[in-house]
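Please keep the model in view while reading the points below.

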Amino acid sequence: MIDDRPIPTQILSSQQDSARQYANPVTMVANLWRRRELIVQFTRRQVVQRYKGTFLGLLWSFVTPLALLLVYTFVFSMIFQARWPGLNTGSHGEFALALFAGLIPFTIFSETTLAAPGLIVTNPNYVKKVVFPLEILPVSSLGGSIVHSMFSLAILLGGVLLVYGSLSWTIIFLPLIYLPLLLMCLGLGWFFASLGVFIRDIRHLLGVVVQMLFFLTPIFYPMEAIPYPYRYLIYLNPLTFIVNDFRRVIIFGQMPDWPE
């Protein structure tokens, strides 16, 4: 059931916060914690409004990634005959799992980054009519993407159980892999949300950049498929390490590849 109750807007202060306050990570975290109820309310609305008025509702969060998974698997493993090194059998099912494990973190990144430039400009009432903590808008946007990613993660873990019969113990490291992804997305969300107020073209530029990163991130191919002289270009992409570690702990049952 969709919650249509209005979100309670809190008048937090009649004074504007200083820029120095937001430069202090401890103060920033304390402010977010103090406004956690408001963040939860906005995140809930982010989740339910995506499919509001549809027949399936939140079930689309299962249907959409599952449909994309089937299409990508058919194209890359059956038409292009792509294979993933290190898998037990090299079957289409294993390839689908490896591909899907890369799509989940990239989807979180792309959703939050592309939504960021419009978060403030599309909510003028929060800027002009009330004293509102605008920094929670990127946080709630990221929270909505995390919730939807949990549906995709459930599909992935179910597929691992179906193909391999069990989950590896290394899955306990998954929250630690999520952490740098979420921090990166949150930082980019704050930056592009503020930049989008002054430069409206930024959302179109980000669309091009995210599309390029989609193919420059090892989602559909392993690092071994890249000629050695060009691998450093892929490693310049921070998503490369996150995507590879997702596969390591979920699919391959290996420890995250953290530098010593």
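1. In α9, the buried residues are Ile202, Leu206, Val210, Leu213 and Phe214; buried means under 20% relative accessible area, with a 1.4 Å probe and protein chains only. Seen down the axis of α9, these buried residues fall within an arc of 115 degrees, so they line one face of the helix. The arc is that of the directions from the helix axis to the C-beta atoms. An α-helix has 3.6 residues a turn, so residues three or four places apart point the same way.

2. On the basis of the note: this is a predicted model, in which local features need pLDDT of at least 70, side-chain atom pairs count only at pLDDT 80 or more, and totals for chains, interfaces and linings use all residues. Residues are numbered from 1 along each chain as its sequence is written, and side-chain values use heavy atoms, with hydrogens and water left out.

3. The chain has 11 helices and zero strands. Helices (H or I, at least four residues) and strands (E, at least two) are DSSP runs, numbered from the N terminus. Of the 260 residues of the chain, 41% count as buried.

4. The largest nonpolar core has 55 residues, of which Phe106, Phe109, Leu153, Leu156, Leu181, Phe246 and Ile250 touch the most other members. Such a core is a set of buried Ala, Val, Leu, Ile, Met, Phe, Trp, Tyr and Cys residues joined through side-chain atoms within 4.5 Å. Two or more residues come from each of α3 (36-50), α5 (92-115), α7 (136-164), α8 (174-198), α9 (202-216) and α11 (238-252). The most come from α5, which gives 12.

5. Ile250 touches Leu153, Leu156, Leu157, Val160 and Leu174, leaving aside residues up to four places away in sequence; contact means heavy atoms within 4.5 Å.

6. Phe100 lies in helix α5 and is buried, with a relative accessible area of 3%. Not counting residues up to four places away in sequence, Phe100 touches Pro65, Leu69, Ser152, Ile155 and Leu156. Phe100 and Ile155 are 55 residues apart in sequence, yet 9.2 Å apart in space, C-alpha to C-alpha.

7. Among contacts in the chain between residues at least 6 apart in sequence, 74% join residues at least 24 apart.

Terms used
Buried means under 20% relative accessible area, exposed over 50%, partly exposed in between (1.4 Å probe, protein chains only).
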